[in-house]
Amino acid sequence: MASAPSRALPFLSPPSTAPRAPSVRLRCAAAAGQAGFFTRLGRLIKEKAKSDVDKLFSGFSKTRENLSVVDELLTYWNLADTDRVLDDLEEALLVSDFGPKISFRIVDTLRDEIRDGKLKSGTEIKASLKRCILELLTTKGSKTELQLGFRKPAVIMIVGVNGGGKTTSLGKLAHRFKNEGAKVLMAAGDTFRAAARDQLEIWAERTGSEIVIDNDKKAQAPSVLSQAVKRGKREGFDIVLCDTSGRLHTNYGLMEELVSCKKVIAKALPGAPNEILLVLDGTTGLNMLQQAKEFNDVVGITGFILTKLDGTARGGCVVSVVDELGIPVKFVGVGEGVEDLQPFDAEAFVEAIFP
Ligand SMILES: Nc1nc2c(ncn2[C@@H]2O[C@H](COP(=O)(O)OP(=O)(O)O)[C@@H](O)[C@H]2O)c(=O)[nH]1
Ligand SMILES: [Mg+2]
């Protein structure tokens, strides 16, 4: 699972007993007392995530089904059959959205290893296939844990196109943080649609988080986010989660707005935002690559949240985005429930699609 930072991050305040705006002295004492809290927290996230392997496994059921043909192929593999089997394997990877480059590279590696006599059975080929994918994920997108810095509040901006799952993922993230005793403030930065604000309010209520909204019809996202970060700082919040609107990424206005959002956040709190997470809809397949590139070029993405992987057989897209952009997948969405956002762990992922 995504390993949480193992170092002690002193910015987390104690669980709910913490006063809203403690004095500086109190805050320091709390931080010192809680120095081990974050370390413990890291371990807890890891352990919890490990016990969630079942959820991850069921979330990837469609992709796994799609790839079960690999087992069939390899069961009956023999040396004379190699070319045909590898062609079919490549096809299976392509269908699951591993992308042409990666699918070709994997099959090429396997072909070499078979030719060199390193792989002598279907089981060995499968093990090597899994190793290839794991290697790809761990060399190019290794920093799967959130980088929240050392100062509170940590600010996370969630960006992406409409309907991808930004607000839902933000709500699920809040739930995780709250479970770990963090004080969470949400910012309703999707000022484009009125319904978006209501949706976020429901998540705030559901997770016991505070929320900053601007009821002014003409409210601008940067102003809402700036207010939220300032309040987060003033009132000693641990985390500020910023929702944003998601018009098409080809919409210049949106990109402009996101850049302004990022700027005002940094102005309100130097060093922030700590994370800019791009939400990508897993069901859109390789289309997401172009989208990811454009967002990254404009705002600079620190990690991906890949959603709706429970609804698609194209789970290989996880590998494609990491390979193409060299940016880690930090979370995967495997359902609509509050618990269905999983820290991404490469090993668990590979086991979930190739059991
Ligand atoms: N099955 C499934 N549905 C999801 C997931 N994440 C989000 N959704 C659904 O996708 C729809 C759009 O989500 P929303 O958060 O409003 O997207 P936004 O426009 O990017 O904020 C909602 O119906 C969510 O319940 C997921 O991981 N799995
Ligand atoms: Mg939304």
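Trainee: Where is the place of proline 153?

Mentor: Helices (H or I, at least four residues) and strands (E, at least two) are DSSP runs, numbered from the N terminus. Proline 153 sits in the loop between helix 7 (122–140) and strand 1 (154–159). Its peptide bond from lysine 152 is cis, with omega near 0°. The model is a predicted one, in which local features need pLDDT of at least 70 and side-chain atom pairs count only at pLDDT 80 or more, while totals for chains, interfaces and linings use all residues. Residues are numbered from 1 along each chain as its sequence is written, and chains are lettered from A and ligands numbered from 1 in the order in which they are written.

Trainee: Which residue does a cis peptide bond join to proline 273?

Mentor: That residue is alanine 272, and omega is about -5°. Proline 273 lies in the loop between helix 11 (252–268) and strand 5 (275–281).

Trainee: What is the phi of aspartate 97, and where does aspartate 97 lie?

Mentor: Phi is near 70° for aspartate 97, a positive value in a residue other than glycine. Aspartate 97 belongs to the loop between helix 5 and helix 6.

Trainee: At what angle do helix 5 and helix 6 pack?

Mentor: Axes are lines fitted to C-alpha atoms, for helices over the stretch in contact, and angles run from 0 to 180 degrees between N-to-C directions. Helix 5 (residues 82–95) and helix 6 (residues 100–115) pack at about 155°, with their axes 9 Å apart. Angles under 35 degrees count as roughly parallel, over 145 as roughly antiparallel, 65 to 115 as roughly perpendicular and the rest as oblique. Helix 5 and helix 6 are therefore roughly antiparallel to each other. On the helix 5 side the contact includes Leu86, Leu89 and Leu93, and on the helix 6 side it includes Phe104, Val107 and Leu110; two residues are in contact if their C-beta atoms, placed from the backbone, lie within 7 Å.

Trainee: How many nonpolar residues has the contact of helix 5 with helix 6?

Mentor: For classes, Ala, Val, Leu, Ile, Met, Phe, Trp, Tyr, Cys and Pro count as nonpolar, Asp, Glu, Lys and Arg as charged, and the others, Gly among them, as polar. This contact has 10 nonpolar, 2 polar and 2 charged residues.

Trainee: How do the axes of helix 8 and helix 9 cross, and at what angle?

Mentor: The axes of helix 8 (residues 166–179) and helix 9 (residues 194–207) cross at roughly 20° and come within 9 Å. Helix 8 and helix 9 are therefore roughly parallel to each other. Among the contact residues are Leu170, Ala174 and His175 of helix 8, with Leu200 and Trp203 of helix 9. By class, the contact of helix 8 with helix 9 has 5 nonpolar, 5 polar and 2 charged residues.

Trainee: Which residues are closest to ligand 1?

Mentor: A residue is near a molecule or strand if its C-beta atom, placed from the backbone, lies within 6 Å of it. Ligand 1 is surrounded by 19 residues, the closest being Gly165, Lys166, Thr167, Thr168 and Gly333. Helix 8 gives the most to this shell, with 3 residues. The shell has 2 nonpolar, 12 polar and 5 charged residues.

Trainee: Which residues does UniProt list for "domain: SRP54-type proteins GTP-binding"?

Mentor: The unreviewed UniProt entry lists residues 328–341. UniProt positions are given in the numbering used here, feature names are shortened, and annotations may be inferred rather than shown by experiment. Over residues 328–341 the chain is 0% helix and 43% strand, with the end C-alpha atoms 16 Å apart.
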